[in-house]
Amino acid sequence: MAESEPRGIRRYSYPAGGWGALRATARTIREQMDAPDAAATLLRTNKPDGFDCPGCAWPDSRHGSSFQFCENGAKAVTWEATKKRVPASFFTGHTVASLLEWNDHALEDLGRLTEPMAYNADKDIYEAIGWDAAFARIGALLRTFDPDAVEFYTSGRTSNEAAFLYQIFAREFGTNNFPDCSNMCHEATSVGLPTSIGIGKGTVSLEDFDHCELIIAMGHNPGTNHPRMMGTLHEVARRGAPIIAINPLRELALERFADPQDPLEMATLGATDIASNYLQPRVGGDAAALQGIMKALIEMDDEAGPQAGVLDHAFIAAHTNGFEGLAVDLRAKRWIDIEAVSGLPQARLRDVARAYAASSATIVTYGMGLTQHSTGTHNVQQVANLLLLRGNFGKPGAGICPLRGHSNVQGDRTVGITEKPGAQMLARIEQRFGFVPPASHGHDAVAAMKAIVDGRSKALVCMGGNLAVALPDPEVCLPAMRRLELAVHVATKLNRTHLLVGRHAFLLPCLGRTELDEQSSGPQAVTVEDSMSMVHASRGRLPPASGLLKSEPAIVAGIASATLPESKVSWTELVADYDRIRDAIEAVIPSFEAYNARIREPGGFRLPLPPTERVWKTPSGRAEFLVFDGLVEDAAAGDPSVLTLTTVRSHDQYNTTIYGFDDRYRGVFGRRDVVFMNEDDMASRGIAHGDAIVVETAFGGAGERVLRDVIAVAYPIARGSVATYYPEGNCLVPLDHVDRASGTPSYKSVPVRIRRDSNVG
Ligand SMILES: Nc1nc2c(c(=O)[nH]1)N[C@H]1C(S)=C(S)[C@@H](COP(=O)(O)OP(=O)(O)OC[C@H]3O[C@@H](n4cnc5c(=O)[nH]c(N)nc54)[C@H](O)[C@@H]3O)O[C@H]1N2
Ligand SMILES: Nc1nc2c(c(=O)[nH]1)N[C@H]1C(S)=C(S)[C@@H](COP(=O)(O)OP(=O)(O)OC[C@H]3O[C@@H](n4cnc5c(=O)[nH]c(N)nc54)[C@H](O)[C@@H]3O)O[C@H]1N2
Ligand SMILES: [Mo]
C-alpha cells in the first residue's frame with residue numbers, strides 16, 4: 001500500500017481565485033504568447049468593440065465596460081492566439097500512425113494549423129493542398145454519397161453566421177443529420193424545459209442576480225468552467241443572500257473565493273464564503289433530492305395552510321397544470337427511499353425547503369451534473385417543478401439558469417442546427433432560398449456515431465470540435481471512424497479525431513474568434529448568443545495565424561459551391577458581407593427582426609423569452625408540473641459493491657483540450673490519472689490513498705469496460721460516488737448509456753466496481 005502523499009497530490013490551502021489565479025494566468029501567457037500581444041488581446045476580450053471570449057457562455061457584465069479578469073478565459077484566448085504554429089512541413093515528418101501515439105495535450109500544444117491539408121493514404125501522411133483543389137475534391141466526393149449517409153457535426157464555438165450557412169448547405173445537400181456538441185451537453189435542457197415552461201433555454205438575466213434572495217447551485221463547477229460567474233456569486237454572497245450548493249464533490253470555489261477584481265481582498269489575502277449550505281448528494285441523486293425538497297415544501301404547506309404562502313397558490317392556479325398530480329406523487333414517496341437514493345438525510349433536505357420557502361425570489365443554476373444522466377431530462381424538469389411551486393418565473397430575481405457550455409452553443413441551435421427541424425423554419429428556408437429542405441428527422445451526436453459504427457454513414461464533416469474523443473466508448477468509436485470514406489475537419493488546432501482517418505480526410509484551418517476576418521467588403525463581425533439569450537457582435541483584431549486561413553463562413557461557402565453546382569444560394573455574395581447572412585437569418589428565424597441594426601447597439605439585444613412574461617408556449621398554454629415516477633437512476637443501485645462514477649473537467653482543460661496537468665483547486669498537480677473516492681468506500685475495499693486501482697463497469701452483462709493505470713485519491717465526495725477526468729473516463733461509458741428522452745450520454749452516472757490493482761505496488 002502507498003504510504004505518504006502520492007506524487008503530485010497535496011491540499012491547496014488558499015481560496016479559489018485570488019493570487020493563485022493571477023499566477024496561473026501569467027504562466028499561461030508566458031507559454032503561449034509574447035506578453036505585449038497578450039495584454040492587448042486580453043483587454044479586448046468581451047468588450048463592445050472586441051471579441052467574444054471563446055471560453056464559456058456566461059454573459060458579460062453590463063457588456064464589458066471594464067476588463068473582467070478570468071483565468072480560464074485567458075487560457076482559452078492565449079491557447080487560440082498562441083505564437084506556436086504547425087506548418088505543412090511538420091506533417092511530412094510525421095505519419096498519422098505516429099501522431100496517434102501523442103496525447104491530446106501534446107497535439108494541440110503544437111499550435112495553430114496553417115494550411116489546408118489532404119490525407120495521402122499511401123504514405124499515411126497529411127499533405128498540403130490548395131483551397132480550390134480541396135473544395136473541388138470534397139465536393140466531388142460528397143456528391144457520391146446518399147445525403148443521409150453524411151453527418152454534419154457542429155461544435156458550439158461556431159458563430160451564428162457560420163452555423164446558419166452550414167445548416168442551409170447541409171439541408172440543400174439533402175439531410176437533417178446535425179449531430180452537435182449540445183447533444184452531449186444541455187440536450188436534456190433543450191428537450192426537458194419546453195414541455196415544462198415552453199422554451200428550452202434559461203430565463204434569468206444578469207440583473208436577476210442583483211435581486212435574487214437565494215441561489216441553489218446544482219451540478220456545476222463555476223470556479224473552473226464559468227469563472228466570470230464567480231464575480232456574480234461573490235457579489236450575491238457579499239450582500240448576504242444565501243447560496244446553497246448541491247454537488248457530490250466539495251468544489252473549492254463554491255466554498256471560498258477571492259475575487260481578483262476586488263483590490264481589498266487581494267491586498268489583504270482575504271476571501272468570501274460562497275455557499276452558506278453545501279449538500280453532497282450521491283452522484284445521480286439529484287432527482288431524489290429535488291423531490292425530497294418539494295415533498296418537504298408540500299408537507300409544510302399542508303401544515304400551515306394555503307394562506308401561509310409556503311407555495312404560491314395564486315401562481316399555481318393562474319399559470320400551471322398538474323399540481324395535484326405532483327402533490328399526490330410526492331406525498332406518497334417515502335422519506336426512506338428519498339434518503340437512500342439521494343444520499344442526503346431528510347433534515348438537510350428540509351433545511352433547503354425552509355430556506356427556499358423564506359425566499360421570495362430564487363434562481364436555480366445547474367450544469368452537467370444534472371444533465372449528463374440517464375435521467376437528465378427528468379432532473380431538469382424537477383428543477384422547473386421546484387421553481388414553479390413558488391412562482392419563480394417572470395419576476396425579478398427569479399428563474400432557471402442552465403450554464404451552457406461552449407460560447408455559442410445556444411446560438412447554433414437558435415439559427416437552425418437541429419436534427420428535428422420545425423415546419424415553420426423549413427417553410428421559411430424554402431421561401432427565402434427556393435429549395436425544398438428535407439423534413440425527415442436526422443441524427444443527433446450519438447445516433448450519428450452509431451450510424452458510423454454500423455457503416456450506414458460514410459462521411460463526416462466537422463465544424464470544429466473533437467467528436468470521437470468527446471463521445472463515449474472510444475473502443476467502439478475510434479475504430480469506426482477509420483472506416484469512414486470521407487472526413488472533413490474545419491479546425492484551429494490538431495486533435496485525435498483528425499487523425500482517425502479513413503479513405504479520404506481533409507484538414508481545413510480556420511480563423512479563430514480573436515482574428516481579423518477580412519472579406520471583400522471589408523472586416524467582418526460575427527454574432528453569438530450567450531447563456532442568457534443575449535445576442536451580440538464579436539470582432540477579432542489579431543492578424544490571422546497564417547495568410548492561408550479562411551473564415552468558417554467562407555469555408556462552408558467553398559464546400560457548398562463545389563458540392564452543389566446548381567445551388568439556389570448565392571454563396572459568394574453572402575460571404576462577401578456578413579450583414580447579408582444576418583439578413584438571411586432574419587428571413588428564416590422570426591425572432592431576429594432588425595438583426596443588423598440591433599447588433600450595432602452596444603451590448604446587442606435579447607431574444608424573446610416568454611416565461612419571463614409568464615407566457616407559456618406549451619400545448620396547454622400553461623406551465624406543466626411533470627411527475628417523475630422513478631427515484632433510482634441505475635439498475636445497480638442498492639448493491640453496496642457498486643459505486644457510481646461521474647466524469648468531470650479539471651481546472652486545466654477545455655473539454656478535450658488539455659492545457660496542462662494540474663487541477664489546482666482539487667489538489668492535483670502534474671497528473672490526471674486519478675480517481676476521487678470517499679475514504680469510507682476506500683477503507684471498505686482495502687484501498688489506501690495513492691493505491692493503483694482498477695475500475696470496472698457494473699452494468700451486469702458481457703463486455704464490461706475497464707480503466708487501469710489510475711490511483712485512488714481520498715477526496716470529500718459523497719459516499720458511494722467516485723469521480724475521474726473526462727475524456728480519460730470515457731472508456732467506461734457505453735455508447736448507448738444515454739438519457740432516452742434527450743439522447744444525452746450519461747457521462748455522469750456509470751455503475752462501477754473498484755479494486756486495488758494487484759499487479760502494481
Ligand atoms: N475552463 C473551462 N471552461 C468550460 C469548459 C471546460 O472544459 N473548461 N467546458 C465548457 C462546456 S462545453 C461545458 S458543458 C461547461 C461545463 O461546466 P460544468 O457543468 O461545471 O462541468 P463539469 O466539470 O462536467 O461538472 C460539473 C460539476 O458537476 C458535479 N457533478 C458530477 N456528478 C454530479 C451529480 O450526479 N449531481 C450533481 N449535483 N453534481 C454532479 C461535479 O462535481 C462538478 O462540480 O463548461 C464550459 N466552460
Ligand atoms: N466523459 C465526458 N465526456 C464529455 C463530457 C463530460 O462532461 N464527460 N462533456 C461533453 C460536452 S458538455 C461537450 S460540449 C463535448 C465537447 O465536444 P467538442 O465540442 O467536440 O470538443 P472540444 O474539445 O470543445 O473541441 C476542441 C477542438 O475544437 C477545435 N476548435 C477550437 N476553436 C475552434 C474554432 O474557433 N473553430 C473551429 N472550427 N474549431 C475550433 C480545435 O481543433 C480543438 O481541438 O464533450 C462531451 N464529452
Ligand atoms: Mo458542453
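**View 1. The chain splits into three assigned domains.** In this predicted model, the domain assignment gives domain 1 as residues 85-184 plus 408-592, so to speak in two pieces of sequence. Domain 2 covers 187-402, and domain 3 covers 643-756.

**View 2. Here is where domain 1 and domain 3 come together.** Zoom in on the meeting place and you'll find 20 residues of domain 1 in contact with 22 residues of domain 3.

**View 3. Domain 1 and domain 3 hide some surface from each other.** Between them they bury about 1,700 Å², and carbon and sulfur atoms carry 58% of that. On the domain 1 side, look for H105, P472 and D473: this trio supplies 30% of the area that domain 1 buries against domain 3, more than any other three residues.

**View 4. A salt bridge links R705 and D473.** Their side chains meet with 3.0 Å from N to O. The count of salt bridges between domain 1 and domain 3 is 1. There are also polar contacts to look at: 12 residue pairs across this interface, with both partners at pLDDT 80 or more.

View 5. Sorted by class, the side of domain 1 that touches domain 3 has 10 nonpolar, 4 polar and 6 charged residues.

Conventions
Residues are numbered from 1 along each chain as its sequence is written. Chains are lettered from A and ligands numbered from 1 in the order in which they are written. This is a predicted model: local features need pLDDT of at least 70, side-chain atom pairs count only at pLDDT 80 or more; totals for chains, interfaces and linings use all residues. Side-chain values use heavy atoms; hydrogens and water are left out. Domain bounds come from an automatic or database domain assignment. Contact means heavy atoms within 4.5 Å. Buried area is the accessible area (1.4 Å probe) that two parts lose on being put together, summed over both. A salt bridge is a side-chain nitrogen of Lys or Arg within 4 Å of a carboxyl oxygen of Asp or Glu. A polar contact is a pair of N or O atoms within 3.5 Å; within protein, one must be able to donate a hydrogen and the other to accept it, and residues adjacent in sequence count only if both atoms are side-chain atoms. Ala, Val, Leu, Ile, Met, Phe, Trp, Tyr, Cys and Pro count as nonpolar, Asp, Glu, Lys and Arg as charged, and the others, Gly among them, as polar.
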